[in-house]
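These are my notebook entries on a single structure, kept in the order in which I looked things up. I want to see the sequence and the model before I write anything about them.

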Amino acid sequence: MRILHAIAALPPAAGTTTFCREALRALADRGHDCHLWTPDGSPPPWRPDVLHLHALWTPWLLRPFLWAKRRGVPVVWSPHGMLAPWAMAHKRWKKILPWALYQRPALRAADLLHVTSPLEAGWVRDLGLRNPLAEVPLGVDLPPEPPPLPTRPHLALFVGRLHPIKGLDLLVRAWALHKRRDPATPWRLLLVGPDEVGYQATLAGFARGLGLSVQAAPLALAQAADLTFAGPLYGPDKAAALDAARLLILPSHTENFGGVILEALAHALPALASDATPWEILPQARCGDRFPLDPQALADAFDRLAALPDSELEAMGRRGRELVRERYAWPAVADALAR
């Protein structure tokens, strides 16, 4: 099958970038002919069997969309979480006109909408979009066997953009609660990701006001303060952070999927995710837990997991890695995308 993917930008820290690139690679590995079209490129000289559009709100996406429609090429569109209520309300005044002029009409004209979870499917339907839906999760490659959990430092890890949507103010409040309950705690918090809208300085000042020690430092120095900002990490450096931690926390106000949970589980890392994310399976599969969007609830959930013996925390990580192997490994996800 000939598949043309189109995306308006490929920022390295964005989940849309990761999914788009990984999907192309995985589909090509399964024998499909894949091509990527970005604003600095051009469409292929051949007619694809399908056009797969990624993300929203960029007028440039209308170019491949109309190009495909003129040629009778079916269009699949992945909103990548950008239809979430929180996302639609954020800077709403900037979205009202584009939504009415081109984004909603174009989405309605797509032959298929790709969602990654039942939660995202609900957002699509709540906006009155009645297109056929395909629910296919994100995928991940299983990394090499990670180091045993007892050999890792007591690091709790967040990976993602430093942005208000990620609930990091809630995480900082919860961390201060944990520290007040146990002043001698060996646990430290490591935040990995690019700073957006100057949010790192806001969080750092907020954390210091709550009595936490804060530093901006590389992974190797992450235990020198209560909270460390390590900046964005990619590839082997990001994998090293996942292999160094004992627990991942995702406190987001909204996620259509939350691919970082997959990455953590693949590294045998138990995960805590807010109940605004579609990760009900964490407690069901006994590889993590969920919590309401409340600092007290997050602190309580973290304290429960932190109190577990290393053997149980490691068993949770092993169950998570096996869950990824069974449900989210790229070969199976690529086959589902192809279908």
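Which residues line the largest cavity? I find that L171, A174, W175, H178, I249, L298, A299 and F302 line this cavity.

Before going on, I note that this is a predicted model, in which local features need pLDDT of at least 70 and side-chain atom pairs count only at pLDDT 80 or more, while totals for chains, interfaces and linings use all residues. Residues are numbered from 1 along each chain as its sequence is written, and side-chain values use heavy atoms, with hydrogens and water left out.

**Entry: the cavity.** I looked up cavities on a 1 Å grid over the protein atoms alone, where a cavity is a set of points at which a 1.4 Å probe fits but cannot get out, and lining residues have an atom within 4 Å of a point. At least two lining residues come from each of α6 (168-181) and α11 (295-306), and α6 gives the most, with four residues. Helices (H or I, at least four residues) and strands (E, at least two) are DSSP runs numbered from the N terminus. I sorted the lining into seven nonpolar residues, one polar and no charged, counting Ala, Val, Leu, Ile, Met, Phe, Trp, Tyr, Cys and Pro as nonpolar, Asp, Glu, Lys and Arg as charged, and the others, Gly among them, as polar.

**Entry: the seven-stranded sheet.** I traced an open sheet of seven strands in the order β9-β10-β8-β7-β11-β12-β13, with parallel pairing, where two strands pair if DSSP finds at least two bridges between them. Its edge strands, each pairing on one side only, are β9 (214-216) and β13 (288-291). Neighbouring strands of this sheet are turned by 20° against each other on average, direction ignored. Three bridges join β9 to β10 (residues 227-231) in the parallel sense, and V214 stands opposite L227 in β10.

**Entry: the six-stranded sheet.** The order that I read for this open sheet is β2-β1-β3-β4-β5-β6, again with parallel pairing. β2 (33-37) and β6 (133-135) are the edge strands, and neighbouring strands are turned by 25° against each other on average, direction ignored. Strand β3 (residues 50-54) runs parallel to β4 (residues 75-78) over four bridges, with L53 opposite W77 in β4.

**Entry: helix α9.** I found α9 (residues 259-266) lying across β7 (155-159), β11 (247-250) and β12 (271-274), at about 175° to β11. Axes are lines fitted to C-alpha atoms, for helices over the stretch in contact, and angles run from 0 to 180 degrees between N-to-C directions. Helix α9 also packs with α12 (residues 310-327) at about 115°, their axes 7 Å apart. The contact (heavy atoms within 4.5 Å) is made by L262, L265 and A266 of α9 and G317, G320, R321, L323 and V324 of α12. These residues divide into five nonpolar, two polar and one charged.

Technical notes
1 Å grid on protein atoms, 1.4 Å probe; cavity = no way out; pocket = protein on both sides within 12 Å on 5 of 7 lines; lining within 4 Å.
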